[in-house]
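Please look through the sequence and the model below before reading on.

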Amino acid sequence: MTGELRIPNKGLMIEFEEALKDDEFGYIAELVKNSDEVLNATLNQNGTAVAEYLHDIHNSELSVLKYNDENSLSCVVTLAYLSARNKYRIEREEKSGKGFADFIFHPRRRNIPGIILELKANDTPEAAIVQIKNKEYSNKLINENIERIFAVGISYDSNKKRISMVNRRNIEGVVTVHSI
């Protein structure tokens, strides 16, 4: 599956496509391709694939000095879901329900689900899901008449250097933990 990019000027779009083929843009092109795969893996509840991508980005992009905090994890998530901005309006630390959700993905089209993504450092991804439910972070998307909402909990264990993910479809779905 290829990603979507909206460049209204056809000439600019052709130049952009050619630039991505250039070896100098190889890493950027790979990052964009991988971010498409991260979103697809999230929507298909393939937490193992998401955790692997996040782990790879975490290891290649973050300074050792800021390796183990939630802010670092949010930077990783921002990079991992870069191309999701074509399909979603992504808000960081958005007020919803009884608090502030780390990320809310507001669908630009009605045929795709909303996503609430909560991060935890040195805690479990299940704790992130519990927080999403208890603090009613889904209220914002429910008020926008979004019928399908995914709750995604991502955690980073600084002792084991491991990223884990839990994904619940429609908040009440089956829970599966994926670690890498």
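Is E144 buried, partly exposed or exposed? E144 has a relative accessible area of 25%, so E144 is partly exposed; buried means under 20% relative accessible area, exposed over 50%, and partly exposed in between, with a 1.4 Å probe and protein chains only. The model is predicted, so local features need pLDDT of at least 70 and side-chain atom pairs count only at pLDDT 80 or more, while totals for chains, interfaces and linings use all residues. Residues are numbered from 1 along each chain as its sequence is written, and side-chain values use heavy atoms, with hydrogens and water left out.

Side chains of opposite charge can pair when their charged atoms come close. A salt bridge is counted when a side-chain nitrogen of Lys or Arg lies within 4 Å of a carboxyl oxygen of Asp or Glu. A search of the whole structure finds 6 of them. One joins the side chains of E144 and R89, at 3.8 Å from N to O. This pair links distant parts of the chain: E144 is in the loop between helix 6 (139-143) and strand 4, and R89 is in strand 1, 55 residues apart. Helices (H or I, at least four residues) and strands (E, at least two) are DSSP runs, numbered from the N terminus.

R89 also meets E91 in a salt bridge, at 2.9 Å from N to O. R89 is partly exposed, with a relative accessible area of 36%, and E91 is partly exposed at 28%.

A further salt bridge joins the side chains of E136 and K98, at 3.5 Å from N to O. E136 lies in the loop between helix 5 (125-134) and helix 6, and K98 in the loop between strand 1 and strand 2, so the pair ties together parts that are 38 residues apart in sequence. E136 is partly exposed at 31% relative accessibility, whereas K98 is exposed at 55%.

Next come the cores. A nonpolar core is a set of buried Ala, Val, Leu, Ile, Met, Phe, Trp, Tyr and Cys residues joined through side-chain atoms within 4.5 Å. The largest one has 28 residues, and Y81, Y88, F105, L117 and I154 have the most contacts inside it. Among the elements that give two or more residues to this core are helix 2 (26-43), helix 4 (70-80) and strand 3 (114-121). Helix 3 gives the most, with 5 residues.

Which residues does L117 touch, leaving aside its neighbours within four places in sequence? L117 is in contact (heavy atoms within 4.5 Å) with V77, Y81, D102, F103, F105, V152 and I154. A second, separate core of 10 residues includes A101, L141, I146 and I149.
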